[in-house]
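Open the model in your viewer and keep the selection tool at hand. The tour goes from one stop to the next.

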Amino acid sequence: MSKGTLFVISAPSGAGKSTLVERIRCIFPDVLYSISCTTRSPRAGETDGVDYYFVQRERFLAMVAAGELLEWKEVHGNLYGTPARPVTDVLATGGRMILDIDVQGAGEVFKRVPSSVGIFISVPDMAVLEERLRRRGTETEASIRTRIGNAEEEMAQGRAFRYQIVNDDLETAVAELASVIEKESGPCKAGSTPEISRL
Ligand code: ADP
Ligand code: 5GP
């Protein structure tokens, strides 16, 4: 039986997931972040082994074949997957971890780890989403179009998550997310960060 807690956070690209997760990690230093593997190129400021494990397609497919990924999906034209070992470690040792993954991958995790807590982050409307993606300045026009095009369907799938948080005012959304984490797994457990496997 698992002792730890897995938080699965999904949102359309640009809704503010990374911003919220960063804030939560400051409030709860013991909450670990699952570093996904991806075949997409690093953005300016992203570090391999911190934001993602940036891998070639062949290496990614070898990990799939070896059963090393808890789930994997093609998202906006690139492959993304969650390394299984860190998740297993956290569940076994009673820690807590956040997975920031797409809605399809989240569905897969809900099946494989039924105790996981799904949190969907949405935005007040599509215009806000487009404006945030443009203001972030990391995507090409084609990538913005793909991400906006996928967002409507992703928003519709938010109902499958245990919690829904609208990221309109950032401070309100941070407070709501913090309260869900505390409700589901308790207050900050400083000094109790468990050791987990890395790739
Ligand atoms: P995601 O990880 O979901 O793709 P980001 O966290 O990168 O999204 O956020 C997209 C952009 O929107 C960033 O430039 C971020 O600073 C900004 N942002 C995030 N939350 C808010 C908010 N509540 N209000 C205004 N801008 C926000
Ligand atoms: P980005 O390219 O903006 O970092 O991420 C694009 C999308 O891929 C986001 O919805 C993000 O949550 C999702 N994603 C990131 N890592 C994973 C993963 O390991 N698995 C799945 N299924 N989706 C992921």
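Residue classes first: Ala, Val, Leu, Ile, Met, Phe, Trp, Tyr, Cys and Pro count as nonpolar, Asp, Glu, Lys and Arg as charged, and the others, Gly among them, as polar. This is a predicted model, in which local features need pLDDT of at least 70 and side-chain atom pairs count only at pLDDT 80 or more, while totals for chains, interfaces and linings use all residues. Residues are numbered from 1 along each chain as written, chains are lettered from A and ligands numbered from 1 in the order in which they are written, and side-chain values use heavy atoms, with hydrogens and water left out.

**Stop 1: the largest pocket**

Select Lys17, Ser18, Arg43, Asp100 and Arg136. Of the 41 lining residues, these lie nearest the centre of the largest pocket. A pocket here is an open set of points on a 1 Å grid over the protein atoms alone, where a 1.4 Å probe fits, with protein on both sides within 12 Å along at least five of seven lines; lining residues have an atom within 4 Å of a point. The volume is about 1,100 Å³, taken as the space filled by probe spheres set on the points. The lining has 13 nonpolar, 11 polar and 17 charged residues.

**Stop 2: ligand 1**

Select ligand 1. It sits in the largest pocket: more than half of its atoms lie within 2 Å of the grid points.

Show polar contacts, pairs of N or O atoms within 3.5 Å. A polar backbone atom of Gly16 is 3.0 Å from a ligand oxygen. At Arg132, a polar side-chain atom lies 3.3 Å from a ligand nitrogen. The protein buries 79% of the 570 Å² that ligand 1 exposes alone (Shrake-Rupley, 1.4 Å probe).

**Stop 3: ligand 2**

Which residues are closest to ligand 2? Select Ser36, Arg40, Tyr52, Tyr80 and Asp102, from a shell of 17. Ligand 2 also sits in the largest pocket. Tyr52 has a polar side-chain atom 2.5 Å from a ligand oxygen. The side chain of Asp102 places an N or O atom 2.7 Å from a ligand nitrogen. The protein covers 96% of the 520 Å² that ligand 2 has on its own.

Notes. A polar contact is a pair of N or O atoms within 3.5 Å; within protein, one must be able to donate a hydrogen and the other to accept it, and residues adjacent in sequence count only if both atoms are side-chain atoms. A residue is near a molecule or strand if one of its heavy atoms lies within 4 Å of it.
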